Structures are given as C-alpha cells and as structure tokens.
Amino acid sequence: GQISYHTSGNKLRQPRPSPPGTIRRFRRLNVVLSVLFLLFITFQIIAFTHVRKNALSDGGATYEDESNRSLDMTAKGDIVAPQQPKPKIAYAVTLTSCGTDAYQGQNQPFVQGAAVLAHSIWKNSFENSFSGSKYGHALYAFVHPDAVHCSDPLSSLGFQILVRDTPINVTEIKGKFLREHVVKSGCCGEKEYIKLYSYTLTDHPIVVHLDLDCLILKPFDDLFDAMLDGPESPARERIKLMFPHDTSVEKSLPSHINAYFTRDYNMVNPGKKHVGVQGGFLVVRPNLDVFEEYRSIILEGNFRPGAGWGGQYGGYFGAQQIQGLCAYYYDHLHPGEAAELNRCYFNAMADKPIQQSSGKCRTGEDVCEDCSTKDVSDLYSVHFTLCQKPWLCRSPSGLCTEMHHEWFRMRKDMDDSHFQQHQLEGKEEVDQIASGNYRPEQFLGYCNGAGNTGYIPVKV
C-alpha cells in the first residue's frame with residue numbers, strides 16, 4: 001500500500017502499518033456497505049414503479065402514459081409539491097335494461113356510449129393534468145336488477161356498479177293514474193326513478209348524472225366552484241344560463257345552488273309555462289333528505305292526466321318520470337335552489353329554436369338563441385338525441401356532424417391511450433381496430449359503412 005509521511009520538526013517518520021486483520025475487517029465492511037447501498041437503491045426503484053403504476057390508474061380507469069399526466073407543480077424553495085385536487089365529483093349513469101338480443105356483450109350500444117363517455121370524463125378531470133380541472137372524478141353506474149347480467153362491461157370501464165331497485169313500490173302509489181300508467185310511460189317506466197339514487201352518493205359534494213349517449217368536451221369547474229364556494233365565487237359570472245338578460249328571481253343564479261339542469265323545449269309548444277327538465281343531464285348536491293322527499297312525492301302520486309304533477313308539470317314525454325318530477329321539485333316545491341343552464345352549451349343537442357308549424361320561438365321569447373349555429377369548440381357537453389347516435393355511422397348535417405366527429409375523436413384518443421398503457425397488444429392492434437374505410441375523415445376509421453353493422457365496436 002501507499003506510505004504517507006508526516007513532518008515533525010525537521011524529521012520524517014513512517015507511520016506504523018495496520019495489522020493484516022484490521023485491513024481484512026475494513027474491506028469486509030466496505031463490501032457490506034456497498035451491498036446495503038445497492039439494496040436501498042433497488043428498493044427505491046421498486047417503490048417508485050409501484051407509486052407510478054397506482055398514479056396512472058387513479059380515478060377508476062387507466063388512460064394515458066405518465067408524460068400526459070404530469071401534475072401541476074408549485075415551487076416552495078427547493079421543494080416542488082404537486083397541486084392537490086379539490087374533492088372528487090361523482091359521475092353517475094343508469095342502466096335499466098339490457099336491450100334486445102340483436103346486441104350482445106361489448107357490442108351493446110350502451111357499452112359504446114359508456115366507454116367514450118368515461119374517457120371524456122377522465123379527459124376533463126384533475127387526473128388528466130392537461131385538462132386544467134381542479135376536480136377529481138369517480139364513476140358510478142346505477143344498475144337495475146333486470147340489467148345486472150349485462151353490466152360487466154361497465155365495471156371493466158371503471159364504473160362502480162351499484163345495483164338498485166326502483167326506490168318505491170309502484171303498487172303503493174296513492175294516485176291511481178300514476179300507479180297504473182308509470183310502468184308503461186317514457187323510455188323506461190318506473191325504472192327511470194333509479195336516477196334519484198344520485199342524491200344518495202353523499203361521499204361526494206356533487207353528483208353529475210348523465211345519459212350514456214352524452215359526451216363531456218370541457219371541464220365543469222365553474223359549475224362546481226359556484227356550488228361549493230358560495231355566492232362570492234367569481235365563477236358565477238362565467239356560467240352560461242338560459243335567459244341571461246332576465247333578472248327575475250326564477251331565472252337568476254341562486255345564492256346557494258343545489259342543482260343545475262337544462263330544459264327540453266323541443267317537447268312542448270311555444271310559450272308553455274312549465275317546461276320539463278331534460279332527464280339526461282342533472283348536476284345535484286347529494287342529500288338523503290331530498291331523496292326521501294322525492295320518494296314521498298312519487299308515493300303520493302299527485303299526477304293528473306294531461307296536466308302532470310300538481311296539475312301543472314306534464315303534457316310531454318317523460319313527464320311522469322324525471323323530466324316532469326324534477327321540474328315540479330325545483331320549480332314548484334323548492335324554487336330558488338336550482339339554475340337552468342343554457343342548453344346551447346350544456347347538454348347541447350344542436351336544436352333549432354323555431355317551431356316550423358308556428359314560426360314561434362320554442363322558449364316563448366320574441367327573439368331566441370339558435371343552438372344549431374354554435375361552434376363546437378364552445379360546447380361543454382353534448383347529448384346525442386336529435387343528432388342520433390354516433391355509433392350508427394350516419395351523416396347528419398351542420399353542428400351534428402361536428403358533434404359526431406368530436407365523439408369519434410374522443411374514441412380515437414381513448415384507443416391511443418389504451419395502447420400507451422399496454423391495454424392493447426401493440427400499435428398494430430390500434431391500427432387494425434381503426435381500419436374502417438367509410439368516410440375516414442369523419443369517422444376516423446371506426447366505420448365500414450352506414451348503420452348498425454358498419455360500426456367497429458369498442459374493445460372492452
């Protein structure tokens with residue numbers, strides 16, 4: 001080994017060499033420390049990989065790689081901390097039946113809608129750092145007992161399945177007309193009442209209930225902020241309401257907001273005073289007392305033939321269920337608790353404002369806003385009713401064409417994201433799925449022709 005020399009006055013002296021046993025013990029100690037260091041580094045790598053995997057699956061579904069999920073960071077000295085999300089918002093859907101035997105498994109139309117809807121919710125929530133949203137999300141599906149056997153695809157898509165029977169016993173409804181007719185009314189009879197279970201999700205501050213043929217295009221943060229932050233929230237000024245120039249109490253934004261909805265003016269004649277709520281879009285503050293009050297209203301059954309709930313809220317499709325019931329609740333029983341959002345931007349259906357037969361505005365206004373002329377980039381959410389379902393591979397006109405294209409863009413983004421998370425076997429599989437040759441500029445490879453048989457279904 002090397003010899004070091006130390007000076008002491010004018011003399012040089014050689015230090016005493018270490019005993020051989022001491023050198024061997026020192027070398028063994030170095031080996032042990034090196035092994036411990038390597039084990040520590042290995043443990044850190046494993047722990048990081050586990051955390052990364054969990055982070056990528058946050059929110060009930062895995063959609064994009066880590067490069068698309070970098071959290072907004074706030075510098076504090078030498079420490080960089082991730083921005084914390086606001087509470088998770090519950091997004092709920094309802095499944096009341098399994099449809100016809102013509103569709104099986106993942107080819108069911110509701111599966112196609114649910115897959116793209118779930119991805120659009122994720123895309124506009126905190127879990128996707130590029131969304132700009134402050135709110136996380138959780139997915140729920142209220143499934144009627146009659147539909148349990150076909151609900152597995154919803155679970156695979158990240159929805160928590162909540163099996164719920166109709167919240168009332170129809171035979172106990174006091175009102176004869178409602179008792180005898182609700183089971184054969186609307187889209188789903190009395191089963192549609194299971195949407196009311198949205199009010200029971202009290203682990204979340206807000207619940208958004210959507211039909212499966214909806215699509216989210218922008219975050220709803222302003223709606224949530226105005227509900228949770230109170231009357232001083234600056235978000236209130238940015239919310240697009242119906243009749244923005246009407247300052248009456250029933251048209252203005254409540255100081256304490258318990259719900260948002262849109263109305264379906266297409267179901268009534270111009271000038272009708274009590275227009276039904278559009279049942280495919282509800283944003284509510286969950287409350288078990290409200291849920292029980294709804295149950296009491298239904299069991300009382302004060303629904304009059306041709307006139308509706310309380311003799312005023314009816315006369316249109318779905319009046320015996322959610323469309324009439326919610327209008328009766330928020331307009332008549334609890335006015336000043338809910339806000340009507342502008343249907344041109346929320347739950348948008350690209351509807352025209354003028355009734356052709358009369359030439360009058362369906363909203364009862366002298367001059368009305370034309371939802372069919374809006375730019376798709378301004379819409380917050382869409383609902384494929386008047387425009388028909390995207391998976392039918394039809395060719396609608398105007399704004400409907402753009403809305404359909406947005407749905408297929410979301411479908412494409414979903415498939416690309418699944419490939420990034422190795423949920424598909426490889427890029428070739430993605431390309432094979434999107435190999436349709438029917439109007440690829442519109443349908444992005446997901447249609448081989450028009451109609452049910454032309455669509456290439458989602459792989460769940």
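I started with Tyr328, which is buried at a relative accessible area of 9%. I kept in mind that I'm looking at a predicted model. Next I checked Trp309, and that one is buried too, with a relative accessible area of 0%.

Then I looked at the two rings together. The centres of Trp309 and Tyr328 are 6.1 Å apart and the planes sit at 20 degrees, so I noted the pair as stacked. For the whole structure, I have 23 aromatic pairs on my list.

**Entry: another stacked pair**

I went on to Phe408 and Tyr446, whose ring centres are 6.5 Å apart with planes at 20 degrees, so this pair is stacked. Phe408 is in helix α8 (residues 399–420), while Tyr446 is in the segment after α10 (440–443), 38 residues away. I found both Phe408 and Tyr446 buried.

**Entry: charges over rings**

I looked for charged side chains above ring faces. Arg164 lies over the face of Tyr197, 5.9 Å from the ring centre. Lys240 does this over Tyr345, at 4.7 Å from the ring centre.

**Entry: disulfides**

How many disulfides does a search of the whole structure find? I got 6. Counting bonded cysteines along the chain, I read the pattern as 1-2, 3-4, 5-8, 6-7, 9-11, 10-12.

I opened Cys98 and Cys150 and found their sulfur atoms 1.9 Å apart in a disulfide. The torsion about the S-S bond is about -90 degrees, so I marked the bond left-handed. Cys98 is in the loop between β5 (86–95) and α2 (109–123), and Cys150 in the loop between β6 (135–143) and α3 (152–156), so the bond ties together parts 52 residues apart in sequence. Both cysteines are buried.

Buried or exposed? Cys187 is exposed at a relative accessible area of 54%, whereas Cys188 is partly exposed at 23%.

Last, I checked the disulfide from Cys393 to Cys447, with S to S at 2.0 Å. The torsion of about -80 degrees makes it left-handed. Cys393 is in the loop between β15 (381–383) and α8, and Cys447 in the segment after α10, 54 residues apart. I noted both as buried.

Terms used: Residues are numbered from 1 along each chain as its sequence is written. This is a predicted model: local features need pLDDT of at least 70, side-chain atom pairs count only at pLDDT 80 or more; totals for chains, interfaces and linings use all residues. Side-chain values use heavy atoms; hydrogens and water are left out. Rings of Phe, Tyr and Trp (its six-membered ring) pair if their centres lie within 6.5 Å; planes under 30 degrees apart count as stacked, over 60 as edge-to-face and the rest as tilted. Buried means under 20% relative accessible area, exposed over 50%, partly exposed in between (1.4 Å probe, protein chains only). Helices (H or I, at least four residues) and strands (E, at least two) are DSSP runs, numbered from the N terminus. A charge sits over a ring if NZ of Lys or CZ of Arg is within 6 Å of the ring centre and within 35 degrees of the ring normal. A disulfide is a pair of cysteine sulfur atoms within 2.5 Å.
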